[in-house]
Amino acid sequence: MIPDFEAVRHEMVERQLLRRGIRSQRVLDAMAQIPREEFVPPDSRLLAYADEPAGIGYRQTISQPYMTALMAELLELEGRETVLEVGTGSGYAAAVLGMLARRVITVELIPGLAALARENLARTGRGLNVTVICADGSLGYPPEAPYPAISVAAAAPEVPHTVFDQLDDPGRLVIPVGERDDQELRVVTKRDGQIETRVATLCRFVPLRGGEGWR
Ligand code: SAH
């Protein structure tokens, strides 16, 4: 039997997001619309809205729904921005960000995942303002820099300075930083040349690899 994914999705928004304090109506609406079941492998669709990360192959995961919502909320998008995402995975967060911003450029290191994300985004009609680039995103994506909002969806030992340099002023960067197995989700803001960093929560992401990631 095929479950009523829309009902399950709304229950996820209510229980996992609203109750835990996600307040942005735009983020809640986006999470209520993007079909997460289309971004997980066919045999795990029944678990697409579970309160945990979901495997997507290649030993990678997409984040727990709450984490995707929190990161999107922390970016404080208004709808006019071009957002850089590092770590596309299967494209779920990119689809959410695409509803909140004018345009998303998302960079994925693993070619098979970049291709899968393009397919998922196209099939769900979410590919129009999302560009998937297959490259080392620990170096950001220079051709379209600077970005007013950057979301890094893999954990780094430190904020990669190349990525940081591609943040506009004003701009906001959300990134998990720390050890391999546990990190803090940092929000770095740049305004009038002033840099501020705060920790939003503790978290656990797959490692950022590449030039400025883990070796
Ligand atoms: N944005 C996703 C989560 C992605 S998981 C979501 O929808 O929840 C993290 C991804 O980062 C993995 O697909 C991994 O392959 C990718 N990654 C790791 N290091 C990277 C790098 N240096 N550049 C680009 N992508 C990288």
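1. A residue is called buried when its relative accessible area is under 20%, exposed when that area is over 50%, and partly exposed in between, with a 1.4 Å probe and protein chains only. Under this definition Y49 is buried, with a relative accessible area of 6%, and F5 is buried as well, at 11%.

2. The model is predicted, and local features need pLDDT of at least 70, while side-chain atom pairs count only at pLDDT 80 or more and totals for chains, interfaces and linings use all residues. Residues are numbered from 1 along each chain as its sequence is written, and side-chain values use heavy atoms, with hydrogens and water left out.

3. Rings of Phe, Tyr and Trp (its six-membered ring) pair if their centres lie within 6.5 Å, and planes under 30 degrees apart count as stacked, over 60 as edge-to-face and the rest as tilted. The count by this rule is 2 aromatic pairs. In the pair of F5 and Y49 the ring centres are 6.4 Å apart and the planes stand at 45°, so the pair is tilted. Because F5 belongs to helix α1 (residues 5-18) and Y49 to the loop between α2 (25-33) and β1 (54-57), the pair ties together parts that are 44 residues apart in sequence. Helices (H or I, at least four residues) and strands (E, at least two) are DSSP runs, numbered from the N terminus.

4. The rings of F39 and Y92 have centres 5.9 Å apart and planes at 65°, so the pair is edge-to-face. F39 sits in the loop between α2 and β1 and Y92 in helix α4 (residues 92-100), so this pair ties together parts that are 53 residues apart in sequence. Both F39 and Y92 are buried.

5. A charge sits over a ring if NZ of Lys or CZ of Arg is within 6 Å of the ring centre and within 35 degrees of the ring normal. R36 lies over the face of Y92, at 4.9 Å from the ring centre, and K190 lies over the face of F164, at 4.6 Å from the ring centre.
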